[in-house]
Amino acid sequence: MEFTLEVIPLPVTDIDRARDFYRDRVGFHVDIDQEVMPGMRIVQLTPPGSGCSIALGDSIWEMAQGPRPAPGSYQGLQLCVTDIKAAHAELVERGLEVSEPVQYAPDDGATFMYFQDPDGNGWAVQEYRRRVTEPLHKVLADLAGGQD
């Protein structure tokens with residue numbers, strides 16, 4: 001049985017403001033913005049090239065078991081790009097307040113930049129140049145094919 005991580009609910013205070021931020025500033029695609037059942041509006045957004053989306057909606061938390069996370073309490077959400085300088089330029093052009101890229105080591109995968117959404121949920125963007133020639137979906141498919 002395969003289990004794929006495809007949607008992460010994200011706690012926000014204002015669904016429309018968060019939708020606009022992720023669409024206009026970060027460049028996510030709006031997949032769904034509708035009332036999926038009476039009283040339950042879902043906004044689902046996906047980063048370009050990603051197999052995982054974020055979901056915004058107040059009623060999401062009523063369906064989940066456990067405590068409701070506070071808006072802004074998610075930290076360490078991570079996006080990966082193949083060229084962090086190009087990604088930085090694109091995000092700045094979109095009006096996003098994003099840190100300058102920081103290279104922690106010369107290794108591939110060791111350069112990051114950071115931003116927060118309007119509620120304070122924190123994101124990292126990691127440069128992983130290897131993804132140009134080895135997209136994650138291909139690496140995972142190859143690994144799965146090698147299992148007995």
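This is a predicted model: local features need pLDDT of at least 70, side-chain atom pairs count only at pLDDT 80 or more; totals for chains, interfaces and linings use all residues.
**View 1. A network of salt bridges.** Here you can follow the linked side chains of Asp16, Arg19, Asp20, Arg23, Asp24, Asp33 and Arg41, which form a network of salt bridges. For the model, the salt-bridge count comes to eleven.

**View 2. Arg23 and Asp24, zooming in on two members of the network.** The side chains of Arg23 and Asp24 meet in a salt bridge, with an N to O distance of 2.6 Å. Asp24 has a relative accessibility of 35%, so this residue counts as partly exposed. Arg23 is partly exposed too, with a relative accessible area of 32%.

**View 3. The salt bridge of Glu90 and Arg94.** Take a look at the side chains of Arg94 and Glu90, which meet at 3.6 Å, N to O. Glu90 is partly exposed, at 43% relative accessible area, and Arg94 is partly exposed at 30%.

**View 4. Asp108 and Arg129, a link between distant parts of the chain.** A salt bridge joins the two side chains at 3.8 Å, N to O. Asp108 sits in the loop between β6 (102-103) and β7 (111-116), while Arg129 belongs to the loop between β8 (122-127) and α4 (136-145); the two are 21 residues apart. With 28% relative accessibility, Asp108 counts as partly exposed, and Arg129 is partly exposed with a relative accessible area of 39%.

Note on methods: Residues are numbered from 1 along each chain as its sequence is written. Side-chain values use heavy atoms; hydrogens and water are left out. A salt bridge is a side-chain nitrogen of Lys or Arg within 4 Å of a carboxyl oxygen of Asp or Glu. Buried means under 20% relative accessible area, exposed over 50%, partly exposed in between (1.4 Å probe, protein chains only). Helices (H or I, at least four residues) and strands (E, at least two) are DSSP runs, numbered from the N terminus.
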